[in-house]
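Dear colleague,

Please find below the structure I promised to pass on, together with its sequence. I would be grateful if you could read the notes that follow with the structure open.

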Amino acid sequence: MSSSLSPSSPSSPPQLPVGDSFDAERRLSEAEERLREAIKELQRRQRRAARGPHTYPPCDHTPDESCVAHAIGNLCQSFLLSYGVRVGIGILLRAFKLAKGQSYASLLDLKQLVSEKDLIVREEACRVGLLFGGFTGSYHALRCLLRKWRRKETPFNAFLAGSVAGLSVLALDDPNRRRTLALYLLARVAQCAYNSAKSKNKFHLWGSHWRHGDALLFALACSQVMYSFVMRPESLPKAYQEFIQKTGPVERPVYKAVRENCRGVPVDIASLSAFLASRGKSNAMKLEEFPSIIPCSVIHPDTTSCLAQNANAASATFRKTFPLYFSLTFVPYVVLHLQKFMDAPARTCWLAVRDAVRSTTFLSAFVGIFQGVICLHRKVASKDHKLVYWIAGGMAALSVLLEKKSRRAELALYVLPRAGDSLWYILVNRHLLPNVKNSEVALFSACMGGIMYYLEHEPETMAPFLRGLIRRFLASRISNPGHSSSRSASYTYLQTLDAIKKPKLPDNREIDGFSSQKYNLESIPGL
């Protein structure tokens, strides 16, 4: 019996040296790669033979649906989806406003809740719907047209269709909003291009492996934005400027005086005196046309303690912005995932409240830190300088560490276009860059072409949130190599090989970190 269990027994597997086992694994891997390429080539030949010399590649939609009906159906679906998101956010914000005024009974009065007099979202919601719906419908129509015209399916088709469909941005009548969206997409395309080059070992940016690299990018963008808000407010979009002004604790006349003081021009004493008189502080201090620095007693005249002022500013910001963050978190999730909300409404509400509290805390801390840095500078220095506000914006941005990791990159890429927009305006104003009319439309179109190329041919390079959002609005009918009925055994074998070579983490994220089955809907930019 002992001889039957010995290593020399014929029933036991042969023992290979370590070097031979590694060589066998290498040969097996090379054989799998050659088999994979052979199967792909066989599939290409079969598709060419099935199509014939005078046919074109099949469209993504079902054979019983015409190309025109497919495009119109996607247009209507995306229009209604985006229109509903925008109107839902407006209604929820209106409800918060009524509840804040202790008018709880009016929440049941549709005349007060959704009347056109108080809920002015019709035009804006229609423009947002035309933007998303127009892009979706025209993209699908152009893809079908290019397949029939060029008689082949190439990456250029996706780029050209996305670029032409990007002209739907003309639905937005504000050039500032179009430029902001174009710069946002430019940042996203750059992210995809970098991820693509990095995955192919063609380019690697120094510092991209840092744990808090996203927070650093957010800090640099916030530095530019806050500097522009204080020193060059005209370089920011009006809506964004109004949001920062309402969120912060400092009034416009004070910012105007700080700006004049840093530029070395006379301070508008009349405007500043009128502001202080409205706060009952007209005789409390002596104002000068050329002060060395605007003191804290002018910046926050209602409070003598800087520490108390910072705490009050943070708490006031929390109260003012929580309804907005809750609306941006709750409404998109319900509209885009209605079935999940119907299955577990209580859980959805709890997640929305939790994430809204976390995001509002981050913004409140940002305001408090920014105000604190300004007050601290006045305690240790006797002369003001414009660089102080750039540094204060960067230090306040460290509050982004309160947000969860998955949100930090989204926030950085949300603020980065605002910073780029401001810098663009300043450079054009100083005649360092040419002012090309409708350049934002051309940039938006080119970026949408790049986005659609990466979405269809290199989807792993895109952020999971953006990839899932675009596919949701495009009705999830793109990036499908074929219908399930036409998938052969060779295709299934290739999918199995890919699954074996790319292991999964327990939470369904791919090990390379690029894609995930989960993504956040609380940070939809521009809503």
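The notes below go from the overall fold to individual residues and then to the charged pairs.

Please bear in mind throughout that this is a predicted model.

Overall architecture

The protein is built from 19 helices and has zero strands. Of its 527 residues, 42% are buried. Among contacts between residues at least 6 apart in sequence, 73% join residues at least 24 apart. The accessible surface comes to about 28900 Å², with 62% of that area belonging to carbon and sulfur atoms.

L216, L220, I369, L387, W390, I391 and M395 together make a nonpolar surface patch of about 600 Å². Helix 15 (387-396) and helix 7 (213-231) each supply at least two of the patch residues, and the largest share, four residues, comes from helix 15. I369 belongs to helix 14 (residues 345-380); its relative accessibility is 34%, so it counts as partly exposed.

Helix 18 (residues 464-473) is mostly covered, as seven of its 10 residues are buried. These are F465, L466, R467, G468, L469, I470 and F473.

F473 is also one of the residues in contact with T136, along with N74, S78 and L474, when neighbours within four places in sequence are left aside. T136 lies in helix 4 (residues 122-150) and is buried, with a relative accessible area of 2%. Its side chain makes a polar contact of 3.1 Å with the side chain of S78.

T180, in helix 6 (residues 175-199), is buried at a relative accessible area of 8%. Beyond its neighbours within four places in sequence, T180 is in contact with P237, P417, R418 and D421. T180 and D421 are 241 residues apart in sequence, but their C-alpha atoms are 6.5 Å apart in space.

T321 sits in helix 12 (residues 306-336) and has a relative accessibility of 4%, so it counts as buried. The side chain of T321 reaches the backbone oxygen of T317 at 2.7 Å. Not counting residues up to four places away in sequence, T321 touches T247, T360 and L363.

Salt bridges

A search of the whole structure finds 18 salt bridges. One of them joins the side chains of K405 and D214, at 3.2 Å from N to O. This pair links distant parts of the chain, with K405 in helix 16 (residues 405-429) and D214 in helix 7, 191 residues apart. K405 is partly exposed at a relative accessible area of 41%, whereas D214 is buried at 14%.

R232 and E234 also meet through their side chains in a salt bridge, at 2.7 Å from N to O. Here R232 is buried, at 11% relative accessibility, while E234 is partly exposed, with a relative accessible area of 39%.

In a further salt bridge, between K256 and E260, the closest N and O atoms are 2.7 Å apart. The two residues are four apart in helix 9 (residues 252-263), so about one helical turn separates them. K256 is partly exposed, with a relative accessible area of 30%, and E260 is buried, with 14%. Elsewhere, salt bridges that share partners join R143, R147, E153 and E456 into one network.

With kind regards

How values were computed. Residues are numbered from 1 along each chain as its sequence is written. This is a predicted model: local features need pLDDT of at least 70, side-chain atom pairs count only at pLDDT 80 or more; totals for chains, interfaces and linings use all residues. Side-chain values use heavy atoms; hydrogens and water are left out. Patches are made of residues with over 30% relative accessible area and no salt bridge: like charges are joined within 9 Å, nonpolar side chains (Val, Leu, Ile, Met, Phe, Trp, Tyr) within 5 Å. Accessible areas come from the Shrake-Rupley method with a 1.4 Å probe; for residues, only the protein chains shown count as cover. A salt bridge is a side-chain nitrogen of Lys or Arg within 4 Å of a carboxyl oxygen of Asp or Glu. Buried means under 20% relative accessible area, exposed over 50%, partly exposed in between (1.4 Å probe, protein chains only). Contact means heavy atoms within 4.5 Å. A polar contact is a pair of N or O atoms within 3.5 Å; within protein, one must be able to donate a hydrogen and the other to accept it, and residues adjacent in sequence count only if both atoms are side-chain atoms.
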